[in-house]
Amino acid sequence: MNKAARDPFSLQGKNILVTGASSGLGRQIAISCAQRGASIIATGRDHLRLQETFNQLEGSGHLQMPAELTDSQDRSALAQLSPKIDGLVHCAGKQMLSPIRQLRESLMTEMYAIHFLAPVMLTQQLLYTNKIAPSGSIIFMLSTSAHIGTRGVGPYSAMKSGLLGIIRCLAIEQARQRIRVNGISPSVVPTPMWGIADQNDQLQAQEARHPLGLGTPEDVANAAIYLLSDASRWVTGTSLVMNGGVVL
């Protein structure tokens, strides 16, 4: 293929590690990236659900590596066993809501371990072991709550906001290697974590607030494809906000 005809959004020949690939956004990102030609290293806690994702991946050369990323030994093992990667997408997470007045220290500690410590330290391990190729791309899954205040999600918002700081610093540190570091900040996207959309009053209320309606996992996956592909070679240190116009 000549240079003029080259698809800048192609992931052909790229190895992409996706955490939280056993369900939700992580599963769809793994599936969509495979459709664009990537070889996927899928990781998640649930072996059976991870296999379900694996079975849906197009192409060949995919790997699955079950891991509990809040466990430092599992993180180290994943980094050591992983092949060289061109992209890393942090999707592992858990819905955890609590008004600050009712917040328990145990919940805050768990939220920190899942949403901040695990992705940051896995990234550190992969960089330390030189597993992220030059001109690679690192994506942290954030949320619009990292940018705006919302009732009941203060601790979660704090973790995601903290990742914004990591993204900016890491982008500067890795620029010499041409490694890009960005985030994706989606608003409400129905996934199994929310339950069945047509039976969920909260989701229906959220949909009414979004001028463009709610997003889909495919919408977020398309954003990940952009940030993983060479099309975003000049984009680093930022987060793509996807909110369907809710803040307008």
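Where does Arg178 lie? It sits in the loop between H5 and E6. Before going on, a quick word on the model: it's predicted, so local features need pLDDT of at least 70 and side-chain atom pairs count only at pLDDT 80 or more, while totals for chains, interfaces and linings use all residues. Residues are numbered from 1 along each chain as its sequence is written, and side-chain values use heavy atoms, with hydrogens and water left out. Helices (H or I, at least four residues) and strands (E, at least two) are DSSP runs numbered from the N terminus.

Okay, back to Arg178. Its phi is positive, about 60 degrees, although it is not a glycine. Arg178 is partly exposed, with a relative accessible area of 47%; buried means under 20%, exposed over 50%, and partly exposed in between, using a 1.4 Å probe and protein chains only.

Now look at Asn130, in the loop between H4 and E5. Asn130 isn't a glycine either, and has a positive phi of about 55 degrees. Asn130 is exposed, at 53% relative accessible area. For background, most residues other than glycine have a negative phi.

Next, helix H5, residues 154-174. H5 has 21 residues and reaches 30 Å from its first C-alpha to its last. Its buried residues include Tyr156, Met159, Leu163 and Ile167. What do the buried residues of H5 pack against? They pack against helix H4 (105-128) and strands E5 (132-141), E6 (180-186) and E7 (239-242), with contact meaning heavy atoms within 4.5 Å.

Last stop, H1 and H7. Leu25, Gln28, Ile29, Ser32 and Cys33 in H1 meet H7 residues, among them Pro217, Val220 and Leu228. That's it from me!

Technical notes. The expected span of a helix is 1.5 Å times one less than its number of residues.
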